[in-house]
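Hi there,

I'm passing a structure over to you, and below it you'll find some notes on what turned up. Have a look at it first, then read on.

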Amino acid sequence: MVNQNSTAEDILRDFHCDTKRWRSMLEYKKNEISFINRLLGSNAFKATTLNLFERLENFKEEGKIYADEIKILKKEISEYANALKGILECDDISCDTFYFDNHKSLKNRFEEFYLAFNEYKTKVFYKSDNCHVDIRRLVFLKLINTGFVELRLVYEYAINLDFTKEKAQ
């Protein structure tokens, strides 16, 4: 963590760790988009839902926008990570400030993307009202929010469920 006593090497290490974390999280989000696209193309949604096709297409289009944003962010983060070595050459406050401001700006941009993407996921999974509300759906949604390692298992689980049949009474 950067503080008053941090050396240039400490700051570089912390900033580098942030870029690695951001890259990893973007890769995770990229996999989530792939999963969401497969789900949107599956039969997990009720065919009787009003404007179903349009809703699913809107979700798919929004997913494409996020996929493009991930590519842009990954490029910006890579360029930033390559430029970070220059922090070791700083010998005045204005140089340090330049790197701190760039880092803060990229961090804010990443966090805004991350929050917006999570809102998109919420719309797809919680607010669409397209899936049947039954215990299988609740388990499915809970699993989706547990992390990428389980995400592949969730997908395998989801494709084996038939969400289109009414719950047996």
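**The aromatic cluster**

Y66, F113, F117 and Y120 together form one aromatic cluster. Before going further, please note that this is a predicted model, in which local features need pLDDT of at least 70, side-chain atom pairs count only at pLDDT 80 or more, and totals for chains, interfaces and linings use all residues. Residues are numbered from 1 along each chain as its sequence is written, and side-chain values use heavy atoms, with hydrogens and water left out.

The structure holds 9 aromatic pairs (rings of Phe, Tyr and Trp, the last by its six-membered ring, with centres within 6.5 Å; planes under 30 degrees apart are stacked, over 60 edge-to-face, and the rest tilted). The ring centres of Y66 and F113 are 5.9 Å apart and their planes stand at 65 degrees, so this pair is edge-to-face. Because Y66 lies in helix α2 and F113 in helix α3, the pair ties together parts that are 47 residues apart in sequence (helices are DSSP runs of H or I, at least four residues, numbered from the N terminus). Both Y66 and F113 are buried, meaning under 20% relative accessible area with a 1.4 Å probe, protein chains only; exposed is over 50%, and partly exposed is in between.

Y66 also pairs with Y120: the centres are 5.3 Å apart and the planes at 35 degrees, so this pair is tilted.

**The nonpolar core**

Which residues touch the most other members of the largest nonpolar core? Of its 29 residues, they are L26, I36, L40, F113, F117, Y120 and V124. Helices α1 (8-40), α2 (52-83) and α3 (93-127) each supply at least two residues of this core, and its largest share, 10 residues, comes from α1. A nonpolar core here is a set of buried Ala, Val, Leu, Ile, Met, Phe, Trp, Tyr and Cys residues joined through side-chain atoms within 4.5 Å. In soluble globular proteins, nonpolar side chains tend to be buried together.

**Two residues in α1**

T19 lies in helix α1 and is buried, with a relative accessible area of 0%. A polar atom of the T19 side chain lies 2.7 Å from the backbone oxygen of H16.

D18 is in helix α1 too, and at 18% relative accessibility D18 counts as buried. Its side chain makes polar contacts with the side chains of R21 (3.0 Å) and H103 (2.7 Å). A polar contact is a pair of N or O atoms within 3.5 Å; within protein, one must be able to donate a hydrogen and the other to accept it, and residues adjacent in sequence count only if both atoms are side-chain atoms.

Happy exploring!
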